[in-house]
Amino acid sequence: RVFKNDQAARAQEAERKKPGDISVIREFIAGSKYRISFQETGNTNDSVWSCGQVMGIIDDIPTCKELVDRIVNEAETTIRSRLNGLITASSKL
């Protein structure tokens, strides 16, 4: 799985022309291009880079505070709805 960008499309086209020939895609998947993209230029379109299925379900990029607050709120809601009998009077929930 790779991120869909121009470089990935070029690699896919080259592979389509010569299936199974790794030499035709080597230039597109070279680690040096990935390193330059992410450590020097920041241009995510210049290299082929791996990503997982979870990328398809990301719909926002919260700040660290927003993310931690969201996690804490979801945990509190889960605890209250599923484990309410275990919460004691001294609990901070």
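Modeller: This is a predicted model. On its surface, a nonpolar patch is formed by Val 54, Met 55, Ile 57, Ile 58 and Ile 61, which together have about 550 Å² of accessible area. One of these residues, Met 55, sits in the loop that runs between helix H3 (31-41) and helix H4 (64-82). Met 55 counts as partly exposed because its relative accessibility is 31%, and a patch residue needs over 30%.

Now the charged pairs. Side chains of opposite charge can pair when their charged atoms come close. With a cut-off of 4 Å between nitrogen and carboxyl oxygen, the count is 5 salt bridges. Among them is the one between Arg 16 and Glu 13, at 2.9 Å from N to O. Both residues belong to helix H1 (residues 6-17), where Arg 16 and Glu 13 are 3 residues apart, about one turn of the helix. Arg 16 has 52% relative accessibility and so counts as exposed, whereas Glu 13, at 35%, counts as partly exposed.

Another salt bridge joins Arg 35 to Glu 40, with the closest N and O atoms 2.6 Å apart. Here Arg 35 is partly exposed at 36%, while Glu 40 is exposed at 54%.

In helix H4, Glu 76 and Arg 80 are 4 residues apart, again about one turn. Their closest N and O atoms are 3.9 Å apart, so the pair falls within the 4 Å limit for a salt bridge. Glu 76 is partly exposed, with a relative accessible area of 24%, and Arg 80 is partly exposed at 40%.

How values were computed: Residues are numbered from 1 along each chain as its sequence is written. This is a predicted model: local features need pLDDT of at least 70, side-chain atom pairs count only at pLDDT 80 or more; totals for chains, interfaces and linings use all residues. Side-chain values use heavy atoms; hydrogens and water are left out. Patches are made of residues with over 30% relative accessible area and no salt bridge: like charges are joined within 9 Å, nonpolar side chains (Val, Leu, Ile, Met, Phe, Trp, Tyr) within 5 Å. Accessible areas come from the Shrake-Rupley method with a 1.4 Å probe; for residues, only the protein chains shown count as cover. A salt bridge is a side-chain nitrogen of Lys or Arg within 4 Å of a carboxyl oxygen of Asp or Glu. Helices (H or I, at least four residues) and strands (E, at least two) are DSSP runs, numbered from the N terminus. Buried means under 20% relative accessible area, exposed over 50%, partly exposed in between (1.4 Å probe, protein chains only).
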